[in-house]
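Here is a structure to get to know, one feature at a time. Have the sequence at hand while you read.

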Amino acid sequence: FSLLWSGDPRAAREWLARGYEATARTGARLWQARCLAYLSIASRKLDDLQALREQVHDLLDLSAALDEPTYHGLGLANQGWLAWREGDAVQAERLCKAAYEDWAKYGGDTFHGLAGWVLLAIAVSQRDIEKVNSAAQTLLDPNPAYRPIEEPAGNLLRQALSACQAGQVEAAFKFLNQALEQARESGDL
């Protein structure tokens, strides 16, 4: 897990795959769901669409069977990202919003950015200021249970929101596009 967040998703995926295999052998289904969840994040960061599709399918089935909304939401967010990557913004938005609904059952989720960046990218592509404000504010939510947005993306989002409030729409979209680029480079989008 620490390899995943310290910038080495390839090594993280190797260790998580071993963990997943071990939990599958022992029948530890909750740990199996956790490994699948983090494996899917690693596959997303590595842009391995085929592995992600398989992991998300298994994760959604297992997390539904366990009634585990945190991991089910994570699977939905990754499905939304896949839909967005394939150019289906309507399906992507529906899935990412469904992820937030699942996470709300638990009280929020550390991985809210998995859905939030997709929703922001869609809002920016539609040039929908209302959706942009909502997505950016959700990403910047100071809830200590959430994984904070890494810099400089967080600062760019704050600058975009300030520009929106000042009525400087073009400047806002400039900052938003830069924030999205930072999210792409870090593997969050």
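## Two loop residues with positive phi

Asp 47 sits in the loop between helix H3 (29-45) and helix H4 (49-66). Helices here are DSSP runs (H or I, at least four residues), numbered from the N terminus, while strands are E runs of at least two. Phi of Asp 47 is near 60 degrees, a positive value in a residue other than glycine. Asp 47 has 40% relative accessibility, so it counts as partly exposed (buried is under 20% relative accessible area, exposed is over 50%, and partly exposed is in between, using a 1.4 Å probe and protein chains only).

Arg 127 also has a positive phi, near 55 degrees. You'll find Arg 127 in the loop between H7 and H8, and it is partly exposed with a relative accessible area of 43%.

## Where this comes from

This is a predicted model, in which local features need pLDDT of at least 70, side-chain atom pairs count only at pLDDT 80 or more, and totals for chains, interfaces and linings use all residues. Residues are numbered from 1 along each chain as its sequence is written, and side-chain values use heavy atoms, with hydrogens and water left out.

## Charges over rings

Arg 127 turns up again here: its charged end sits over the ring of Phe 173, 4.1 Å from the ring centre. For this, NZ of Lys or CZ of Arg has to be within 6 Å of the ring centre and within 35 degrees of the ring normal. Arg 34 does likewise with Trp 31, its charged end lying 4.5 Å from the centre of that ring.

## Aromatic pairs

How many aromatic pairs are there? The count is three, where rings of Phe, Tyr and Trp (its six-membered ring) pair if their centres lie within 6.5 Å; planes under 30 degrees apart are stacked, over 60 edge-to-face, and the rest tilted. Tyr 100 and Trp 103 are edge-to-face, because their ring centres are 5.6 Å apart and their planes meet at 85 degrees. These two are three residues apart in helix H6 (residues 89-106), so about one helical turn separates them. Tyr 100 is partly exposed at 23% relative accessible area, whereas Trp 103 is buried at 2%.

Ring pairs also link Tyr 38, Tyr 71 and Phe 111 into a cluster.

## The largest pocket

The largest pocket has a volume of about 220 Å³. Among its 19 lining residues, the closest to its centre are Trp 117, Arg 147, Glu 150, Ser 186 and Asp 188. Helix H7 (113-126) and helix H10 (169-186) are the elements that give two or more residues to this lining, and H10 gives the most, with four.

As for terms, a pocket is an open set of points on a 1 Å grid over the protein atoms alone, where a 1.4 Å probe fits, with protein on both sides within 12 Å along at least five of seven lines; lining residues have an atom within 4 Å of a point. Points are joined across faces, edges and corners, and the volume is the space filled by probe spheres set on them.

## Cysteines and a cis bond

The whole structure has zero disulfides, meaning pairs of cysteine sulfur atoms within 2.5 Å. Cys 96 is buried at 0% relative accessible area, and Cys 164 is buried at 16%.

Elsewhere, a cis peptide bond joins Glu 151 and Pro 152, with omega about 10 degrees. Pro 152 lies in the loop between helix H8 (129-139) and H9.
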